[in-house]
Amino acid sequence: MTRAVVIGATGQIGRAAVDALARDGWEVTAVSRSGDRDRRWSGDVRAVVADRDDDAALAAAVGGDCDVLVDVVAYGERHARQLVSLAGRVGSAVVISSVSVYEDDRGRGFDTQGEPGGFPEYPVPLTEAQRTVRPGNDSYSARKAALERELLAAGDRLPVTLLRAGAVHGPYCRTPRELYFVKRNLDGRRQRVLAYGGTSRFHPAGVDNIAELIGLAAARPGTRVLNAVDPDAPTVAEIGAAIDAVMGVEAEYLLVDGPPPADGVGDTPWTVPAPVVCDMGAAREELGYRPVARYADALPRTVAFIEERLAGRDWREAYPEMYTAYGDLFGYAAEDAWAGRR
């Protein structure tokens, strides 16, 4: 039996990764700040309390016989160097990055999307050969790029697979995009206003598909960068319809050509003016990857988890980080005012 250590084991990706690795026969140590266990994990999984920012605690949790180290929360140069410092005791690593590291041929990326004309226009589909943003410390994307740069440079000492995840979805997400439609259904809102004709595509990435990639990369150590997304990239209108179907709701869709017609109206957590759609050919070729589920197949568990967490609670209390990130999209006053003027 070979040993795997998962850092960030109680997050949405970490829970799925621990479960997948244990089912594949790995002896798994699940590292988190809480030391909690997921009910799906087998009894053989060892849960350990450690803060990944405490170098000594992390080194103790990893121990000296770790075949693969899976890090789902690594971020920036410091975490990269921390992982590299463990090279003598770790056989290989699998680390989660993000599609937000990509920039288009005009230097536009996720960091410029708030500027006029600043949203990137990527090739469709987007491959791992696409250029990336300049590594740095001033944004999420730049710090993920810095993480990648440091780890790839040390690939001769610590073989590492970097997985560039898309719009992650699944149970235990602290900022579930699906909440946008779930809340509307629970509030009895049967009308959907969607900008850009409802055709926006921001490639989702299910936690079980990511976990499958982690397991394959763990079994085939190497230094590589791979996209990590679902086999399909549904439009925002298709996502809404799929969530409605899971919840047994019939809704009316008002599709608006072009950008939101008023502040926040027609905008959603998936709404983008140009598609972000990734290619998975490299993962198929290098790892023999086959996806576990399409987006709609994974929705019932996600929706059930969101509904359970919302039961009897204000959504802002249940999902404070979602309120911080997307709070302006969940108010209905602007939408109703716009509908009244139509």
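The charged end of R189 sits over the ring of Y332, 4.2 Å from the ring centre, where a charge counts as over a ring if NZ of Lys or CZ of Arg is within 6 Å of the ring centre and within 35 degrees of the ring normal. R184 likewise lies over the face of Y180, at 4.0 Å from the ring centre. The model is predicted, local features need pLDDT of at least 70, side-chain atom pairs count only at pLDDT 80 or more, and totals for chains, interfaces and linings use all residues. Residues are numbered from 1 along each chain as its sequence is written, and side-chain values use heavy atoms, with hydrogens and water left out.

Y180 also belongs to a cluster in which ring pairs link Y180, F181, W270, W315, Y323 and F330. Rings of Phe, Tyr and Trp (its six-membered ring) pair if their centres lie within 6.5 Å; planes under 30 degrees apart count as stacked, over 60 as edge-to-face and the rest as tilted. The count comes to nine aromatic pairs. F110 and F202 form an edge-to-face pair, 5.8 Å centre to centre with 65 degrees between the planes. These two residues are 92 residues apart, F110 in the loop between β5 and α4 (140-153) and F202 in the loop between β8 (191-194) and β9 (204-206); helices (H or I, at least four residues) and strands (E, at least two) are DSSP runs, numbered from the N terminus. F181 and W270 are stacked, with 5.8 Å between centres and 20 degrees between planes. Because F181 lies in helix α5 (residues 179-186) and W270 in the loop between β11 and α8, the pair ties together parts that are 89 residues apart in sequence.

F181 counts as buried at 0% relative accessibility, buried meaning under 20% relative accessible area, exposed over 50% and partly exposed in between (1.4 Å probe, protein chains only). W270 is buried as well, with a relative accessible area of 1%. T271 counts as buried because its relative accessibility is 15%. The side chain of T271 makes a polar contact with that of T268 (2.8 Å).

Helix α1 (residues 12-23) is mostly covered, with 11 of its 12 residues buried. The cover of these buried residues includes β1 (3-7), β2 (27-32) and α6 (207-219). α1 is followed by G25, whose phi is positive, near 100 degrees.

Conventions. Contact means heavy atoms within 4.5 Å. A polar contact is a pair of N or O atoms within 3.5 Å; within protein, one must be able to donate a hydrogen and the other to accept it, and residues adjacent in sequence count only if both atoms are side-chain atoms.
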